[in-house]
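Look at the structure below before reading on. The text after it goes from one chain as a whole to one residue, and then to the places where the molecules meet.

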Protein chains: 2
Amino acid sequence: MGNKCVLVVDDEQRMRKLVKDFLQTNDFEVLEAEDGEKALEIFEKEKNKINIILLDVMMPKLDGWSVLRQIRQESKVPIIMLTARGEEQDELFGFELGVDEYISKPFSPKILVARVEAILKRTGQDEKQILEYGGIEIDTEGRTVKVDGKLIELSLREYELLTFLAENKNIALSRDKILNNVWNYDYYGDSRTIDSHVKKIRHKLGKKGKYIQTIRGIGYKFEIK
Amino acid sequence: MGNKCVLVVDDEQRMRKLVKDFLQTNDFEVLEAEDGEKALEIFEKEKNKINIILLDVMMPKLDGWSVLRQIRQESKVPIIMLTARGEEQDELFGFELGVDEYISKPFSPKILVARVEAILKRTGQDEKQILEYGGIEIDTEGRTVKVDGKLIELSLREYELLTFLAENKNIALSRDKILNNVWNYDYYGDSRTIDSHVKKIRHKLGKKGKYIQTIRGIGYKFEIK
DNA sequence: ATCTCCTATTATATTTTTATAATTATAATT
DNA sequence: AATTATAATTATAAAAATATAATAGGAGAT
């Protein structure tokens, strides 16, 4: 682990290689996809790992816009669109759909890397981050959590769940949403899995456990009050 | 309160006017500065208000880069640089200094607004949606309701019902319509389910309960008077 | 050996129903 | 037109039914 991971989606082999080489020399890990379908496939599998996506617009099978739309339904991962030329219509279209940046071909690899880094920086995916929420500190790099300065032990799921809730503080999250984000699958059956984990987290948070409040009929919400 | 505020820094009066007009028609508040020194001055005074800065690079007295550097010493406010032409050297230079975006002249106002909005969104400055109806605030993300600034507790159905009524304010809604939208099924029997909920909501809204008025023979209507 | 998930049980909150009171509409009568 | 009686509709409160969540314990997975 460690290095930032970039998913490069482009149908031109030559283009992929160019970008890949340059990114790799700049210490990025690179995943490749040669069309939209492959891209979604890889994204499904590696979504936890991927920090940013470079997405060509013009591709066979599934074009860049479709890929963008699908990914945006479940993820806010930064996406840079690679366009043949910056047509205004397309840009506007894309910003609404959640495009973070455009780079028009031909581009210089240096600019590419600079933009990738700028976006990672701005979306806070680069530096070691310590998120702080009312006395609860989450160190995303060390994957540790402190409550009032004291380290608490959380399991993988507990950590993921707490982080997800905290990152979306003040937002009531449905069970479906939680499952899709923390568990990566759809919710079958009526198990009380989430509840179990919430219970454990609350317990470990001690007095601050009440920051996780239950929204009856919906799910849970992290809120400091 | 309310609208997002943009500080436009450019020495050309014509350019400022163009940008200002377009931003204003898109519901932004606009502050102007004709050079770097004025920019810093205004920023000092209004830093709490300014959500984003459009900064021309080439300016008399103090150029864009210097302004950028100074502001970055104390603030992370998003900054878009307006450049005459996207020279690679400059771009790299700027990203390191914390530029969020480049727009090269000439640009279309539409693109400009789109980028501004995209950045505000990405930096989370687009505040969450709070619907306001005559002193009743509904935070759809947090699923909370405030009456005159004071939080009130609503159950799922109460919340859904109130939201539905408020979203359709000034429209008389039949019981059928209400049931189909808030309950998702047809109305069998003659229970007084809706009435019960309306009663409870009215009670919780206190004096503002009268905003929910009954339309005899039809249903209910949310109306502020 | 812990972590995750599931099951069962208990606790709690919400929703619906029911019964009765209050209000409003309607029509007949003055 | 105003009054009255009757019918229809809605308000209200409390009880009953239902839905949802907390909790604890344990089996299987990692």
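What follows describes a predicted model, beginning with chain A.

The secondary structure of chain A consists of eight helices and twelve strands. Chain A has 225 residues, and 27% of them are buried. Take the contacts in chain A whose partners have a separation of 6 or more: 57% of these are between residues 24 or more positions apart.

A:Gly64 belongs to helix 3 of chain A, which covers residues 64–72. Is A:Gly64 buried or exposed? A residue is called buried if 20 or more other C-beta atoms lie within 10 Å of its own. A:Gly64 has 24 C-beta neighbours inside 10 Å, and therefore counts as buried. Which residues does A:Gly64 touch, leaving aside its neighbours within four places in sequence? They are A:Leu55, A:Asp56, A:Val57, A:Met59 and A:Met81. A:Leu54 is ten residues from A:Gly64 in sequence, and the distance between the two C-alpha atoms is 9.8 Å.

Next comes the meeting of the two protein chains. Here 19 residues of chain A are in contact with 17 residues of chain B. On the chain B side, the elements that give two or more residues are helix 4 (88–97) and helix 5 (109–122). Helix 5 of chain B gives the most, with six residues. By class, this side of chain B has eight charged, six nonpolar and three polar residues.

The DNA strands can be taken in turn. Around DNA strand C there are 23 residues, and those that come nearest are A:Ser155, A:Leu156, B:Ser155, B:Arg157 and B:Ser191. Two or more residues of this surface come from each of helix 6 (156–167) and helix 8 (193–205) of chain A, and from each of helix 6 (156–167) and helix 8 (193–205) of chain B. The surface near DNA strand C divides into eleven polar, eight charged and four nonpolar residues.

DNA strand D is surrounded by 17 residues, of which A:Arg192, A:Asp195, A:Thr214, B:Asp195 and B:Thr214 are the closest. The elements giving two or more residues to this surface are helix 8 of chain A and helix 8 of chain B. Which element gives the most to the surface near DNA strand D? It is helix 8 of chain B, with five residues. The surface near DNA strand D is made up of nine charged, six polar and two nonpolar residues.

Key. Residues are numbered from 1 along each chain as its sequence is written. Chains are lettered from A and ligands numbered from 1 in the order in which they are written. This is a predicted model: local features need pLDDT of at least 70, side-chain atom pairs count only at pLDDT 80 or more; totals for chains, interfaces and linings use all residues. Helices (H or I, at least four residues) and strands (E, at least two) are DSSP runs, numbered from the N terminus. A residue is buried if 20 or more other C-beta atoms lie within 10 Å of its own, exposed if 12 or fewer, and partly exposed in between; C-beta atoms are placed from the backbone. Two residues are in contact if their C-beta atoms, placed from the backbone, lie within 7 Å. A residue is near a molecule or strand if its C-beta atom, placed from the backbone, lies within 6 Å of it. Ala, Val, Leu, Ile, Met, Phe, Trp, Tyr, Cys and Pro count as nonpolar, Asp, Glu, Lys and Arg as charged, and the others, Gly among them, as polar.
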